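Hello,

Here is the structure I promised to pass on. Please have a look at it first, and my notes follow below.

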Amino acid sequence: MSQQLSEQELLRRQSLEELNNLGINPYPPEQFEVNTTTQDLHEKYESNPAAFSNVKIAGRIMGRRIMGAASFTEIQDEKGRIQLYIKRDDICPDEDKTLYNTVFKKLMDIGDIIGVEGFAFVTQMGELSIHVKSLKLLSKSLRPLPIVKEKDGQVYDAFTDPEQRYRQRYVDLIVNPQVREGFIKRTKIINTMRNYFNSFGYLEVETPILQPIPGGAAARPFITHHNALNMPLYLRVANELYLKRLIVGGFTGVYEFAKDFRNEGMDRTHNPEFTVMEIYVAYKDYHWMMEFTETMIEKVALEIHGTTKVTLGNQTIDYQKPYRRVRLLDAIKEHTGFDLTPMNEDEVRNVCKTLGLEVDETMGKGKMIDEIFGEKCEHNYIQPTFIIDYPVEMSPLTKKHRTDEGLTERFELFVNGKELANAYTELNDPIDQRERFQEQLRLSEKGDDEAMFIDQDFLRALEYGMPPTSGMGIGIDRLVMFMTNQETIQEVLFFPQMRPEKKADVTTDEDFMELGIPQPWVDLVRKAGINHLKELKNQNPNKLHGQLCGLKKKMKLDLQNPTPEEVKSWIEKVG
RNA sequence: GAUUCCGUAGCUCAGCUGGUAGAGCAUUUGACUUUUAAUCAAAGGGUCCCGAGUUCGAAUCUCGGCGGGAUCACCA
C-alpha cells in the first residue's frame, strides 16, 4: 500500500530526482564541519567582526526571499536563525549558473538542510547576515513544513493544533522555538537537582522497572508477561522499596530519576508513564528532608529564572525558603472547623457526611481524612507549603510520629493547590512494617483495590537492619510544569501518550493501476466520482465505459479509449 | 467514564435558513542584485474525518463511528 502524495510532496520528489540527475547527492554521507552557530554570530559578531570573516554554518531553510540574481534565505540551527545573502555570481563565478538558477532557486525548498561558507556582514536594513560564497545541500526535505511567520512579535499562521503538535513533535520543535526552550529548561531542572545531590556525595542509581511485586505506592500497575520465566511482571509504580534495599546495603544516599507507570486515567495532569525523582538518605529524618527539599526547589527556581518568584497562570509563586509547615489535622481544622484528633473511625465518617463527602464502609479512617483534605483543604495551598504528620492508616511505609499517637512523620509539599513532593521518616522497624503490610492486606480484603502488596524480600532486607533514613519523592513532570508555566503535562513531555493514529482507508492510484487501469485513466475514474475500490465494484461496466469515454472527449485528452471488455475486467478484478 | 465543542487545500481559517467550495501564507510560472510577514503579475492545488439516513440535491440537517480539545469524575 503506497501513500497518497499531495501535489507539493510530488514536486519535492521530482526535485529529488533532478538533483540526482545533476549529480548532486541530496543525502551526502560525508560530514559538514561547521565553525560557528547562530548563537555565536548574534552574540559575538558585533564586538569582533573579524572573527567571522570565514564562517561555515549549517541549518534548516525556514524562509526565502528571492529577487532575481540575489536572494535572502533564513536558516535555523539549534539555537536560532541567521539570514543568508546569496548572490548568483558569487556562488556561480563561472559561466554555468545552474547551482543558483536551478539548484538553489528551483530544487531547494523550505525545510531543506544546507551548509554554507561565507562571511558575516550587516545589511542595509541592519540585519546580521552571511554573504554566502558556497552552498551545499545536506538533506532534502520531502514534506512541506507549516510556515509560521512573525513580525514585530506578532506570529502569523502559528502551528498550534495540539493533536498535530504532540503526534509530530519534531515539527512542533522545528517551527515553535518556545517549545524547544521549554524542553531545554526541563533538562536544566533535572541537571540542577542532580548536581545538588552529587554535591552531597549521594549516588545516582538504577533499579528495576520490571518488578515481580509492584510496591512502594498505592496504584494500579501495568501487567506484562515474561516468556522465559513464564511469570507475570509489573511495570513499576514506584521505586521506593528498591532504593531502601540499597540503604540497607550500606549506601548513605541514593537517588534515581525514574519513569513510573500507572494504569489509570489520562488527562492534562496525568500520563501513563511519568518521571519521579526519589532520594533516600541515611541518618536523617523528615525535618532534615524538608529543609533539603526547599533548598533544592529554591535552587531550581533560581537556576531557571534567576529569581525565586515564578509566574504560574495568574499567580506568582515564591519558592524562597523556608516554606510554611502545617500539620494535616490543623489544616483540616482550619478549613472545615472540625478537630479530628480525638475522633474514631465512625465519628470521622459522620464528619464526612456532614461535609457532604461520599464515603462508604470500605473506607478506613486514614482514607477518609485524605478525602477531607483533598476536597476541603488542598486547593488552598498556593504558595509552597509542607503539610506534615499524616495518620498511620494512609502511610504504611512511614515511621510512627515520635510524640503524636496515631500519626506518622510524613510531609507532602503543596504548590498551587497540588501535591508536588512526598516524603517520610522511613519506617525501618521490620516488625512494625510487617504489621502495616498486613493492615494493607485487610484493607484490600475490605475492598480497597489500591492497598499495597506484601513484599517479603523487602521485609527480609529490613530485618537485616536499615539505618534511620529519610526519603523523598518529587514529580518531575509536575515540577517542570510549575517552573515553565505550563498547564498540561503533554506540554512538558516530548511524546505524550496518544491513541494510535488511524489510517484512513484510502485507495491509491497504484491500487487502481493494479487492476489494469492505465495511469491516465485513473484520473478519469476519479473524475467520474470513483475514489474507492468498493465504489468501482458497484459500477455497471457499460455505463462506466461510456462515462469515461465521455470525460476523455470533454477534457480533450489524446488517449486510446478502453474497450468495454477492459472496463468490465477492471471491475471484475476488484474481487 | 460523563457533558460539551471541534475535524474544510501543505499550514491558519471563512463558508448564512441545504444548490458538490473560498481567503491569506505555502506551491508553480514570470519580473526584480541588501530584502525581511519582501513586493508585483498569473496559475495550479480539495475522498469538505469515516459510514449510513433525510432530500431532486448534503461541507451544511439527522444518526452512528473514529480522532482531538475543554470541563467534570476517577486517580498519588
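Axes are lines fitted to C-alpha atoms, for helices over the stretch in contact, with angles running from 0 to 180 degrees between N-to-C directions.

A word on the source. This is a predicted model, in which local features need pLDDT of at least 70 and side-chain atom pairs count only at pLDDT 80 or more, while totals for chains, interfaces and linings use all residues. Residues are numbered from 1 along each chain as its sequence is written, chains are lettered from A and ligands numbered from 1 in the order in which they are written, and side-chain values use heavy atoms, leaving out hydrogens and water.

Q83 has S129 of β5 as its bridge partner.

There is also an open sheet of eight strands, ordered β8-β12-β13-β20-β19-β18-β17-β16, again with mixed pairing. Its edges are β8 (203-204) and β16 (324-327); each has a single partner strand, so one side of each has no neighbour in the sheet. Within this sheet, β19 (residues 418-425) and β20 (residues 469-475) are antiparallel, with five bridges between them, and T425 is partnered by S470 in β20. Helix α9 (residues 286-305) lies across β13 (273-282), β16, β17 (385-388), β18 (410-415), β19 and β20, at about 35 degrees to β20.

For chain A as a whole, I count 20 helices and 20 strands. Of its 575 residues, 46% are buried (under 20% relative accessible area; exposed is over 50%, partly exposed in between, with a 1.4 Å probe and protein chains only). Among contacts (heavy atoms within 4.5 Å) with a separation of 6 or more, 62% link residues 24 or more positions apart.

Lastly, the cysteines: zero disulfides turn up in the whole structure, a disulfide being a pair of cysteine sulfur atoms within 2.5 Å. C377 is in none, and its nearest cysteine sulfur, that of C352, is 11 Å away. C377 is buried, at 0% relative accessibility, and C92 is buried at 3%.

Best wishes

Terms used: Two strands pair if DSSP finds at least two bridges between them. Helices (H or I, at least four residues) and strands (E, at least two) are DSSP runs, numbered from the N terminus.
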